[in-house]
Amino acid sequence: MRHLSIRNLTARPGRTIALGLLIVFLSMALFGGSVMVRSLNGGLASLEARLGADVIVVPSSAKSSTNLDYLFLQGTTGYYYMDTEKAQKIAQTEGVERASFQIFMASLRASCCSMPVQVIGIDQDTDFTIQPWIEESFGRRLGDLDVLVGSKVNAGIGESIRIYNTDCPVVGRLAATGTTLDTGVFCTVDTVRLLLHAASELGHDLKISGDPENVVSAVYLKVKDGVDVQSVADRVNVYVRKVEAVRTRSYITGIADSLGGVEKTIRTLIVCVWILAFLILMAAFTMLTGERKKEFAVLRVIGMSRGKLAWVLLKESLLLSLFGGVIGIVLGGALTFSFQGLIEEALSLPFLMPGVSELLLLAIMTLVVVMLVGPMSSAVSAWKLSRVDIGRILREGI
Amino acid sequence: MKLRCEQLEMHFFRKTGDANFFVAVAPLSLSLPEAALTVLMGRSGSGKTTLMNMLSGLLRSTSGRVFLGEDELYAMDDRTLSRYRNRHIAVIPQGQSALPQLSVMENVLLPGMIYEKDRRQDAERRREAAEMLEQLGLGALLDVSPRELSGGELRRLSIARALLMHPDVLCCDEPTADLDDENTRVVLDILKKTAGDGCTVFMVTHEEDAVHYADRLYRMQSGQVTEEK
Ligand SMILES: Nc1ncnc2c1ncn2[C@@H]1O[C@H](COP(=O)(O)OP(=O)(O)OP(=O)(O)O)[C@@H](O)[C@H]1O
Ligand SMILES: [Mg+2]
């Protein structure tokens, strides 16, 4: 009875559950939506960080822009190769500060391979795009046949992945990026070449014109400070034949644009849900005032002041908001978490869930907002109830 | 403590005849002695409840003043007056006034818990409440919900709740309405005894039997009060 508010709530479970559900819905929308927005932003940021290069050059047969999409968002790089000589020429383009190359291949869903994966070979001496990430997660150099796996590849450290009948030991797992790099397998350029040999020995036609020892798939360029990136890309396109140079910036901006659109939609939805829920809550609380007038007149008769009366009501809505808010956050979190893959696929945007501390912060913020809005929506009814004309209500007979 | 009013008057805004307000209680000065049962009788609509509510601090009058001892009720702000009422003035309203979400026991304990935060007295209070409910014939119903009680039982519950406040003033609005003779006698005896213990008891009633219990008797007609005993 020191907990009159609790008793009021438990005595009318139907009413309490209805109001509580509304609040659950509210906090679920806010928390789930915020996590989604944060995840999309995180995905973009991580993509931006991974794409440390200003310009990516691929053979024109790769139809660069779609392949960039493939490379980073959909997970199939396909096979495309150019001569090492060409790569060297590209690296020597005026205005280029650093250059590195990578070589791609894919394993098959066949008896020779344990699973179909993208294999990305990096040149550890010159790489500046993937290396920082590897250093973060792994911190050593890779030996021959050693592979690192992205966070979504189903293989643990100590196990090995069989690619074209070659067993590659998994030496490390990389942190999630929210991009399709998470489904990739990383190794040295030499390892990829070895695997290419193994593949052709098994009779697979990899459409390599020339010696596997002498090809690369893509060249990554970092432009010197102060040099116009577009002019470097243009120069490559003019002077080197049959390759296509793409600015990563424009690619990222493209993603950022569609992300902005999605984000705006989510935000608008959240705001709509909130306005709607706030109005419904307010209506619900106000509708309940009539029903509760007599109850509050009795409390006034036995000496409860207006302030205390308002506080009892406020506590009721605070309790409702607290429990509803927590349940909503848990549900919202669980939903976003379990539909992560679906959301990612549907939006085809990089999606990287924030870390525990940021999730916690978002949860606390959601709870604070819910616990402000809940009581606010009951404020009108609290005020009305605390002003009940006791004389009149008592005359009406309790 | 003595309850008294000076030139207490109540108007309600309502078009009646020439005036656009209706006089529910005409200017009235009255003094209710302590340790006495004062009874107010009158026809329905004569203004009894209005007067009682004003005297008990529940209804601010149009004009005039109400004093309990030296304290002027309507000079206090809501917080002070609420607390003051909780301490000194118990009211048994017309009709039923139990909170359905609490048990019978919790209902009678409630007034004592609004301002008293000291839990050490809980056991003592419960014991006293149980005794009181037992006396009023509700001993077997401590833990049931008021929803399960009859009209007479609900009335006795209101009385128990009021008495447990150990008030200086007890105001009851038709406490014996819709009670049978047996119950009416029980209630009137309790009120008489409460007055005997030093409380200022003010009862509004239709019950002619109450005349025999009254130390003082007033009659009310169209807002006018006349002393009869
Ligand atoms: N808040 C109000 N607004 C308008 N008129 C009111 C109000 N309260 C009381 N009245 C009027 O004042 C008159 C006296 O009402 P009151 O309730 O005091 O009568 P009563 O003597 O207690 O009647 P009963 O015996 O039926 O309880 C009635 O005519 C009533 O309509
Ligand atoms: Mg009345």
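Where in chain A is A:Asn165 found? A:Asn165 is located in the loop that links strand 6 (160–163) to strand 7 (166–173) of chain A, where helices (H or I, at least four residues) and strands (E, at least two) are DSSP runs numbered from the N terminus. The close-up views below come from a predicted model, in which local features need pLDDT of at least 70, side-chain atom pairs count only at pLDDT 80 or more, and totals for chains, interfaces and linings use all residues. Residues are numbered from 1 along each chain as its sequence is written, chains are lettered from A and ligands numbered from 1 in the order written, and side-chain values use heavy atoms, without hydrogens or water.

View 1. With a relative accessible area of 46%, A:Asn165 is partly exposed (buried is under 20%, exposed over 50% and partly exposed in between, with a 1.4 Å probe and protein chains only). B:Glu174 belongs to the loop between strand 7 (169–173) and helix 6 of chain B. The relative accessibility of B:Glu174 is 11%, and this residue counts as buried.

View 2. B:Thr49 sits in helix 1 (residues 48–55) of chain B and B:Gln94 in the loop between strand 6 (89–92) and helix 3 (104–115) of chain B, so the pair ties together parts 45 residues apart in sequence. B:Thr49 is buried at 12% relative accessible area, whereas B:Gln94, at 23%, is partly exposed.

**View 3. The largest nonpolar core has 52 residues.** Such a core is a set of buried Ala, Val, Leu, Ile, Met, Phe, Trp, Tyr and Cys residues joined through side-chain atoms within 4.5 Å. A:Leu299, B:Leu40, B:Leu51, B:Leu55, B:Val66, B:Leu73 and B:Phe202 have the most contacts inside this core. The element that gives the most to it is helix 8 (residues 248–301) of chain A, with five residues. A second, separate core of 45 residues includes A:Val57, A:Val189, A:Leu195 and A:Val232. Beyond four places in sequence, the residues in contact (heavy atoms within 4.5 Å) with B:Phe202 are B:Leu32, B:Thr38, B:Leu40, B:Met52, B:Leu55, B:Leu170, B:Cys171 and B:Cys172.

**View 4. Helix 9 (residues 306–338) and helix 11 (residues 356–386) of chain A cross at roughly 150°.** Their axes come within 8 Å; axes are lines fitted to C-alpha atoms, for helices over the stretch in contact, and angles run from 0 to 180 degrees between N-to-C directions. Helix 9 of chain A is therefore roughly antiparallel to helix 11 of chain A (under 35 degrees counts as roughly parallel, over 145 as roughly antiparallel, 65 to 115 as roughly perpendicular and the rest as oblique). Helix 9 of chain A contributes residues including A:Leu309, A:Leu313, A:Ser317, A:Gly325 and A:Ile329 to the contact. On the side of helix 11 of chain A, the partners include A:Ala363, A:Val370, A:Gly374, A:Pro375 and A:Leu385.

**View 5. Helix 5 (residues 151–163) of chain B packs with helix 6 (residues 181–196) and with helix 3 of chain B.** The axes of helix 5 and helix 6 of chain B are 11 Å apart at an angle of about 10°, which makes these two helices roughly parallel. B:Arg156, B:Ile159 and B:Leu163 of helix 5 meet B:Asn183, B:Val187, B:Ile190 and B:Thr194 of helix 6. Helix 3 and helix 5 of chain B pack at about 35°, with their axes 7 Å apart. Here B:Val104, B:Asn107, B:Val108 and B:Pro111 of helix 3 meet B:Leu157, B:Ala160 and B:Arg161 of helix 5.

**View 6. A:Val147 and A:Ile270 are buried residues of chain A.** A:Val147, in strand 5 (residues 147–149) of chain A, has a relative accessible area of 0%. Leaving out residues up to four places away in sequence, A:Val147 touches A:Cys168, A:Pro169, A:Val170, A:Val171, A:Gly172, A:Val185, A:Phe186 and A:Cys187. A:Ile270 has its place in helix 8 of chain A and a relative accessibility of 12%. Under that sequence exclusion, A:Ile270 touches A:Ala29, A:Leu30, A:Gly33 and A:Ser34. The C-alpha atoms of A:Ile270 and A:Leu26 are 8.7 Å apart, with 244 residues of separation along the chain.
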